[in-house]
Amino acid sequence: MSDLVWQPAYIGLGSNLGDPSARIRAALSALEGLPGCRLLCASPLYRSLPFGPVEQPDFVNAVAALLTSLAPHDLLAALRALEQRLGRSPPRERWGPREIDLDLLAFGTEMRHGGELVLPHAGIPERDFVLYPLRDVAADLYIPGLGRVRDLANRVSDRGVQRLA
C-alpha cells in the first residue's frame, strides 16, 4: 500500500510569442510526463488580450487539471523547470510577453499567503482568461476563500476572450 497522497492541482497556461497554440499544446504534453503528476484533462485553447500595461501580442491560454503526489512547492519548482525546458527566457517581466507561462492556480484546499507561493493564485477572480478555461475543466470546483469557479466566471468582466476551434 502506498503512502502517497494525491491532490488535485490546476495549472494556468499562457503564451504569446512564436506559435502560442503550439507552445500550449507542447506544454500540455510535457505536463503529462511530469514525475508525480497525472494530467486528468485540459480546457480548449482561448485567445485573450494581454493583461497589464505592456504593449504585446494577444495570448493563447488554457487550464490543465492534474492529480499530483508532489508538495505544492515541489510542483511549483517542477513547473518553473518545465517553463525553462519549453524555452522561457529570463528575466520574467511582470505582465510582459512570454514564450510560455505556467501558473499554479489552485492546489487541493491549500491556502497560503506570502512568499513565492500564494494559493489559490491571487489573480483568479479578476482574470477571464483563467476563469473561462478553468470553468471548462472544473465548473463546480470550490476555490478556498474565493468561491465556486462557475460563479466567479459569471462575475468576471469579459475582455473579449475567444474560444479557439
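1. Ground rules. The model is predicted, so local features need pLDDT of at least 70 and side-chain atom pairs count only at pLDDT 80 or more, while totals for chains, interfaces and linings use all residues. Residues are numbered from 1 along each chain as its sequence is written, and side-chain values use heavy atoms, with hydrogens and water left out.

2. Where L31 sits. Look for L31 in helix α1, which covers residues 20-32. Helices (H or I, at least four residues) and strands (E, at least two) are DSSP runs, numbered from the N terminus. Buried here means under 20% relative accessible area, exposed means over 50%, and partly exposed is in between (1.4 Å probe, protein chains only).

3. What surrounds L31. Which residues is L31 in contact with, leaving aside its neighbours within four places in sequence? They are L13, C37, A64, L66, L79 and L82, with contact meaning heavy atoms within 4.5 Å. As for F59, 28 residues away along the chain, its C-alpha atom is separated from that of L31 by 20 Å.

4. Salt bridges, and the R88 pair. A salt bridge is a side-chain nitrogen of Lys or Arg within 4 Å of a carboxyl oxygen of Asp or Glu, and by this rule the count comes to seven. One of them joins the side chains of R88 and D101, at 2.8 Å from N to O. R88 lies in the loop between α2 (72-85) and β5 (101-107), and D101 is in strand β5, so the pair ties together parts that are 13 residues apart in sequence. Both R88 and D101 are buried.

5. The E110 pair. E110 and R112 also meet through their side chains in a salt bridge, at 2.8 Å from N to O. E110 has a relative accessible area of 27% and so counts as partly exposed; R112, at 25%, is partly exposed too.

6. The D128 pair. Between the side chains of D128 and R159 there is a salt bridge of 3.4 Å, N to O. This pair links distant parts of the chain, 31 residues apart: D128 is in helix α3 (residues 128-138), and R159 is in the loop between α4 (149-155) and β8 (162-163).
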